[in-house]
Amino acid sequence: MRPHILEAIRNHARSSPSKCALCDTSVRIDYCDLDRFSTRLGGRLRELGCEAGDRVVMVANRRAILVAAILGTFKAGCIHVPLDPRMPAARLEYILADIAPAVVITEEDLLDTVARHNSTRANILLVSDLEGLLAEERAQAGVEAATVPLPDLDAPAYCIYTSGSTGRPKGVLIDHRSIADFFDGTREIYDVRADSVCASFSPLNFDVYLMDMLFPLSEGARLHVYDDFAMPDLMFETIQVNGVTHFSAWGMMLGLLAQASEFNDALLPHLQTILTGTDVPDIKTVQRWMTKNTGVKVINAYGPTECTCAATRS
């Protein structure tokens, strides 16, 4: 079994500190920043009273600093609980009451909604607070970074809520050992390496974040986190301009990307592997993507949340 994801990122921060780890349209976070910021956030969560095993809910739209915040939650020994910011109010209220979070990470536009349904009165951290922590850490760049003990592999890492189609939503706990084991299996299929350039178009609240966001970081790759608006031309431009080698998009999103105005005429000489799933991909769409470069591989993966993200592939 390879190192704990937090240990892997710490190693990347030491060996390639200035290499870009995460970016979106507004921020670039290198591996040194990623390691230091996540440590600082872990400390901030503990200052807010978080203890090992406490739940930290994330209700926010996709952006790079929030991926970094997941690692900070892990460093605090807390359980990451991602929720869809677009979920119905009754569902949000039920889950917040059920999970009883110590902290909720959200953004300014969602603050009123979260506060209205936050019956437990959890502490709230805004995206702007996270940006402030990142700026503070960058200002301390010459100071030796703190180190924190890694969470026990048998400790819970995250909790994903089911859709509730057979009743009320239920939280599924996944531990750090399961993540490490899953990454071991993923390496055999999803061929991300340190020189890979990855892109993610997946929502933060689906457990696929494990495979298309955290796994590339564990391998030392560069990850582009696409902002949370679905515009085919801009999404395709992310892949084209940044020389993306690996990206994930569920079936419908894969088709949406193929609607970009430049799609038919553009070749993607860097593209190697596409990860899809969730819904059934259209075979014609898959075939169109496979013409973008010689030897493009498309992986159709699926698995219930209880099996740590994915259990089958074709």
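Start by selecting Asp129, which is partly exposed because its relative accessibility is 33%, between the 20% and 50% cut-offs. Keep in mind as you go that this is a predicted model. Asp129 sits in helix 6, which covers residues 127-139.

Next, go to Lys75, found in helix 3 (residues 64-75). Is Lys75 buried or exposed? Lys75 has a relative accessible area of 7%, so it counts as buried. Show its side chain along with that of Thr39: the two side chains make a polar contact at 2.8 Å.

From there, move to Asp195. You will find Asp195 in the loop that runs between helix 7 (176-187) and strand 9 (197-200). With a relative accessibility of 57%, Asp195 is exposed. How far apart in space are Asp195 and Arg222, C-alpha to C-alpha? The distance is 7.7 Å, while in sequence Asp195 and Arg222 are 27 residues apart.

For the last stop, pick Ala100. Look for Ala100 in the loop between helix 4 (89-99) and strand 5 (103-106). Its backbone is worth a look: phi of Ala100 is near 50°, a positive value in a residue that is not glycine. Ala100 has a relative accessible area of 34%, so it is partly exposed.

Methods: Residues are numbered from 1 along each chain as its sequence is written. This is a predicted model: local features need pLDDT of at least 70, side-chain atom pairs count only at pLDDT 80 or more; totals for chains, interfaces and linings use all residues. Side-chain values use heavy atoms; hydrogens and water are left out. Helices (H or I, at least four residues) and strands (E, at least two) are DSSP runs, numbered from the N terminus. Buried means under 20% relative accessible area, exposed over 50%, partly exposed in between (1.4 Å probe, protein chains only). A polar contact is a pair of N or O atoms within 3.5 Å; within protein, one must be able to donate a hydrogen and the other to accept it, and residues adjacent in sequence count only if both atoms are side-chain atoms.
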